[in-house]
Amino acid sequence: MFSFLWNTLLYKPLYNGLIFLMSVIPGASVGLAVIILTIIVRLIIFPFTHKSIKVQRKMRELEPELQKIREKYKDKQEQAKQTMELYKKHETNPFSGCITVLIQLPILIALFLVFQSGFAENASLLYSFVNYPAQLSPNFLGINLYEKSYILAVLVGVSQYLYTVLSLPKTAKAGKGASFQQEFARSMNIQMRYVFPVLFVFFSLSIPAAVALYWVTTNIFSIGQELFVRYLAKKNEVINLPT
């Protein structure tokens, strides 16, 4: 049942979308098809990702006040109570961000698998109105997207680092007597900023360059979306300034 729903609702439509794009793009460019399909999917799930980014931004803004609560109230129950009151005061629901991520994650995984599985014709997956191109062009800017690419692997790491720096809050150095939670949060922040991008570079060297291109496109789109949310936030702050 799960496999049927996965193929019918996610994998098959994305596969056909990719083949359709390659069939209508001049030269049947695999690279352009990957980029266009990635952007289309990101635009479709834009409302969900946009809400998630707004929640993350609000959480970053509330971090100083959350830190004060943790320092003032040592009792865990009282901490939780004061934290929920703070969220209620600022009309913020931290769990809504998790829900939006869970909604978009299956779509992004399916898109990733479509690119990873290659571009061989599979008649059992093709819709009747989608024609497989007679010949594909896997070369994109001098890169064979069927093979691994050191250039795209490095771009994956760089774009992932830039997005992480933009999206994650700065974590102050934990002083003496810092709690395990504070130390863990700081450790995860450092790993996501510096370690994960490096790991993604090595991972990208073990997959087809088409998947790396998808990853770079996704990161660039996410960076643009993050900057767009910041622009709107600053614009609203200017509008709401007292006169």
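User: In which hand, left or right, does α3 pass α4?

Analyst: This is a predicted model, in which local features need pLDDT of at least 70, side-chain atom pairs count only at pLDDT 80 or more, and totals for chains, interfaces and linings use all residues. Residues are numbered from 1 along each chain as its sequence is written, and side-chain values use heavy atoms, without hydrogens and water. The crossing of α3 past α4 is right-handed; the term applies if the near helix is turned clockwise from the far one by less than a right angle, and left-handed applies if anticlockwise.

User: What makes α3 roughly antiparallel to α4?

Analyst: The axes of helix α3 (residues 46–72) and helix α4 (residues 76–89) cross at roughly 150 degrees and come within 10 Å. Angles over 145 degrees count as roughly antiparallel, and therefore α3 is described in this way relative to α4.

User: Which residues of α3 and α4 meet?

Analyst: In α3, Met59, Leu62, Glu65, Leu66, Ile69 and Arg70 meet Gln79, Gln82, Thr83, Leu86 and Tyr87 of α4; contact means heavy atoms within 4.5 Å. By class, this contact of α3 with α4 has 6 nonpolar, 3 polar and 2 charged residues.

User: What share of the protein is called buried?

Analyst: Of the 243 residues in the protein, 39% are buried, a term for under 20% relative accessible area with a 1.4 Å probe, protein chains only.

User: How many helices and strands does the protein have?

Analyst: The protein has 8 helices and 2 strands, where helices are DSSP runs (H or I) of at least four residues and strands (E) of at least two.

Methods: Axes fitted to C-alpha atoms, helices over the stretch in contact; angles between N-to-C directions. Parallel < 35°, antiparallel > 145°, perpendicular 65-115°, else oblique. Nonpolar A, V, L, I, M, F, W, Y, C, P; charged D, E, K, R; others polar. Buried < 20%, exposed > 50% of the residue type's maximum accessible area, 1.4 Å probe, protein only.
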